[in-house]
Amino acid sequence: MNPDSLKREAAARALDFVEPGMRLGLGTGSTAKHFVALLGERVRAGLDVVGVPTSEATRADAEAAGVRLSTLDETPALDLTVDGADEIAPGLSAIKGGGGALLREKIVAAASARMIVIADETKWVATLGRFPLPVEVVPFGVAPTRIAVEAAAAAAGCPGRAELRRTREGHAFVTDGGHFILDLALGRIPDPLALAERLAAVPGVVEHGLFIGLVRTAIIAGAAGIRIENA
Ligand SMILES: O=C[C@H](O)[C@H](O)[C@H](O)COP(=O)(O)O
């Protein structure tokens, strides 16, 4: 089965956790997109839920699917967020932000009673870090921020290079929040919590893509079926 079919299977399984009246955080990316589309089918069949999107792309998808939307200002406490991940490891720490939505995703996840990650089996890793860690930074002073981000990674035991993310046209990629992304290539993150603390202390860093202690359940779809992991 191809990865996209597996993503859709994981998304479909997440619908089992959705109950009428729930306030839902709607994730971003190709896996979360399947969830939003499938949720839309349920909504059109009569399910009443409200969703808070984690990106402008997801807002557009959810609107097109007919999902009623709200904002965190109107609905500050959510019941459940369903989102994808770039990597997820035993203990359910994760890397997110491959699509640049990590800031809103983390705010929405933190406002949710429960976060479920949906993924195909390629995202499951023994140790985080093969996927370059996205770090969202303010555009002002990005050169010294990049140096400080690399120093933070080295101090946390995982030296590596931070590259400014660019669009296909070669411009700096700009997030929904108007920030830049540094992709931090580390190979392996032996102590995600230590790295998270070091990165959070760098002036100019808005947020990083390490999700630690946020994911309660992971739905992993593989060739052998669906596996559910709980933190
Ligand atoms: O910024 C993007 C998000 O964190 C995505 O959830 C993550 O990149 C996974 O995306 P996909 O499901 O497309 O692999």
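Modeller: Happy to, with two notes before we start. This is a predicted model, where local features need pLDDT of at least 70, side-chain atom pairs count only at pLDDT 80 or more, and totals for chains, interfaces and linings use all residues. Residues are numbered from 1 along each chain as its sequence is written.

Now to your helix. H6 runs over residues 192-200, and its buried residues are Pro192, Leu195, Ala196, Arg198 and Leu199 (buried means 20 or more other C-beta atoms, placed from the backbone, within 10 Å of the residue's own; exposed means 12 or fewer, partly exposed in between). Look down the axis of H6 and those buried residues fall within an arc of 165°, so they line one face of the helix (the arc is that of the directions from the helix axis to the C-beta atoms). Contact here means backbone-placed C-beta atoms within 7 Å. The element names come from DSSP runs, numbered from the N terminus: helices are H or I with at least four residues, strands are E with at least two.

Buried residues account for 48% of the 231 residues. Of the contacts with a separation of 6 or more, 77% are between residues 24 or more positions apart. The C-alpha trace spans about 50 × 40 × 35 Å along its principal axes.

H2 (30-44) and H4 (102-110) each supply at least two residues of the shell around the ligand, and H2 gives the most, with three. There are 18 residues around the ligand, and Gly29, Thr31, Gly84, Gly98 and Gly99 come nearest (near means a backbone-placed C-beta atom within 6 Å).

H4 also holds Glu105, where UniProt, in an unreviewed entry, places the feature "active site"; such annotations may be inferred rather than shown by experiment. Glu105 counts as buried because it has 31 C-beta neighbours inside 10 Å. Leaving aside residues up to four places away in sequence, Glu105 touches Gly27, Thr28, Thr54, Asp83 and Lys96.

Terms used. Two residues are in contact if their C-beta atoms, placed from the backbone, lie within 7 Å.
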